Amino acid sequence: MVQFQLPAADWKDRQTQLYAAGAATAVLGGALLAKRALRQRKPYNGSYTPETLPSGAYDVIIVGAGPSGSVAGWYLAKGGAKVALLDKEHFPRDKICGDAVVTPALAILKEMGVFQELVDADEIKLADNGGFVSPSGLAYIGNSQHKLGTAAAGAVKRIHLDDRIARAAARAGAELREGFEVGTDVTFDAEKGLWTVKSVEGKAVVGRVLVCADGSTSRLATQLGLCTAPPQGVSSRAYIEGGTHNTDFDGVCFYPRWSLPGYAAIFKHAKDELGFCYYLIPCGKNADKGQLGNVTADDLKRLHEDALKRDPFISRAVGPKAKIERMRAGSLRIGSQGVPASYADHLLIIGDAAGHIDPLTGEGIHTAMMGGKVAAETLLEMRAAGDFSSRSTRLYQQRWMDLFGHDFKLSQKGAELLWKYPIIMDACASEAQRQGDAMMSKWAEVMTNMRPKTYFLRPDVAFNMSRAIVRELWNQKVLNRPSAYVLQEPAANGKAH
């Protein structure tokens, strides 16, 4: 056996390098531990304690009574805060949305007592089975509920959801003011530590903290200079009358390659109604200028209508006799786009206004509600401590980042990968077909923030996915398996064939 031995000088050099590497690692690890140990964990003490609040003023003014604003209002009122919950509309009112309410949001609805109200009124449909169709037409529809022990999602129209959450906040003690449209006269008196918010009709509300919860366009955060760009994502929605369609599943996402990383989805509602929606997600080097993968917002109507008429999977599920309402569209502020910071002195931005929408899924109801709860809990701590300066309000951003925001960067990277390499989704579908509901349940957990996206980086998961990608490369590139996801040609009568 041949033995090799380093010269003494080389061995000493190698030892020096090892010691240096070890020292550098120790320093870096120590710095990270020190940073974590020194991390701010509670608000600073200040002079604006509850007893200093002027008569007629509120602890918190929330502008926008959607899921984030009303959830925040509920928890704040339950915690003893005096809350003004303002909304420009009168409830019940509609909101363009995919209507999917996933597990973390369902838990909050149960805590608020709203979930049972929705069930009793037959306004929510919990998903027993669902799945997805990949860019090459590989499909898997399974039942992950028996693996998770609970439904991963439910479908509820926003006209019902928002109304019930806002009413729950009012019952908890928040003062709900409907028809209160905030105008341009919004000012902060730094000396008194008070906001004055006036409606377009001149009505005034005064409070310690202002919470912007006015949706993805957030006119309020924009006029205050805290939102620097308009939302870039878009989505469509159309309801389909119950009893007129062919759909036999509860929820499926469709990933045609031409609109990646965007996708279409069908969710079954109560009373056998369907909600069909199409999400277009910012992606590409010009994502901040309206690039949505290979399409733009101008393509939304065409993609929506083509999907219903020509998509081989969607058109089959919808059927030829479906009664479909006219398409409506809304904007999506995804992954905190255009909102560098969600806090300032005596101010928080929450929900869609803060861009709390996942960049991979386009879903935002659950993150809006989770963020609303975090905002309320943090504000109650600040109220007790008496400080609402940015050095305390930044705790809110730190906490929502810890809860779900840390996933946004990886979600954006995931969206970029799916756009560039659609075969990844094909591999996911192939692996789901191989593993069955065991994988589908894990997929559902990741896509609903029950597990972080880093789950896909675990060695055991990454190995199986790598193997599935190799299988798909072989099937598609070597065996030339044709794609089953091809738009049908329209016939002369306008129907696909």
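## Basis of the description

The model is predicted, so local features need pLDDT of at least 70 and side-chain atom pairs count only at pLDDT 80 or more, while totals for chains, interfaces and linings use all residues. Residues are numbered from 1 along each chain as its sequence is written, and side-chain values use heavy atoms, with hydrogens and water left out.

## Overall make-up

The protein chain has 15 helices and 18 strands. These elements are DSSP runs numbered from the N terminus: helices are H or I runs of at least four residues, and strands are E runs of at least two. Of the 497 residues in the protein chain, 54% are buried. Buried means under 20% relative accessible area, exposed means over 50%, and partly exposed lies in between, with a 1.4 Å probe and protein chains only.

A contact is defined by heavy atoms within 4.5 Å. Among the contacts in the protein chain with a separation of 6 or more, 72% are between residues 24 or more positions apart.

Strand β5 covers residues 130-133. In a regular strand the side chains alternate between the two faces of the sheet. In β5 both faces are covered: G130 and F132 are buried on one side, and G131 and V133 are buried on the other.

Two strands pair if DSSP finds at least two bridges between them. Strand β5 runs antiparallel to strand β6 (residues 139-142), and 4 bridges join them. Within this pairing, G131 stands opposite I141 in β6. The two strands form a hairpin with 5 residues between them, and G137 in the turn has a positive phi of about 95°. Strand β5 also pairs with β13 in the parallel sense, over 4 bridges. Here F132 stands opposite C253 in β13.

## Helix α12

Helix α12 (residues 407-420) has 14 residues. From its first C-alpha to its last it reaches 20 Å, close to the 20 Å expected at 1.5 Å a residue; the expected span is 1.5 Å times one less than the number of residues.

The buried residues of α12 include D407, F408, E416 and W419. The buried residues of this helix pack against α11 (390-405) and α13 (423-435).

## Nonpolar cores

A nonpolar core is a set of buried Ala, Val, Leu, Ile, Met, Phe, Trp, Tyr and Cys residues joined through side-chain atoms within 4.5 Å. The largest one has 51 residues, of which I62 and L109 touch the most other members. Helix α10 (residues 365-385) gives the most to this core, with 8 residues.

Beyond its neighbours within four places in sequence, I62 is in contact with residues including L76, V83, L86 and V211. A second, separate core of 34 residues includes F132, I357, M439 and A468.

## Salt bridges

A salt bridge is a side-chain nitrogen of Lys or Arg within 4 Å of a carboxyl oxygen of Asp or Glu. The whole structure has 35 of them. One joins E123 and R164, at 2.7 Å from N to O. Because E123 lies in the loop between α4 (114-120) and β4 (124-126) and R164 lies in helix α6 (residues 158-172), the pair ties together parts that are 41 residues apart in sequence. E123 counts as buried at 13% relative accessibility, whereas R164 is partly exposed at 22%.

Another salt bridge joins K125 and D250, whose closest N and O atoms are 3.0 Å apart. K125 lies in strand β4 and D250 in the loop between β12 (233-240) and β13 (251-254), so this pair links parts that are 125 residues apart in sequence. K125 is partly exposed, with a relative accessible area of 22%, and D250 is buried at 7%. R310 and D306 also meet in a salt bridge, at 3.8 Å from N to O. These two residues are 4 residues apart in helix α8 (residues 300-310), and therefore separated by about one helical turn. Both R310 and D306 are buried.

## Cysteines

A disulfide is a covalent bond between the sulfur atoms of two cysteines. Here it is identified as a pair of cysteine sulfur atoms within 2.5 Å, and the structure holds 0 disulfides. The sulfur of C227 is 9.6 Å from the closest cysteine sulfur, in C212, which is too far for a bond. For C277 the closest cysteine sulfur is in C253, at 7.7 Å, also too far for a bond. C227 is buried, with a relative accessible area of 6%, and C277 is buried at 1%.
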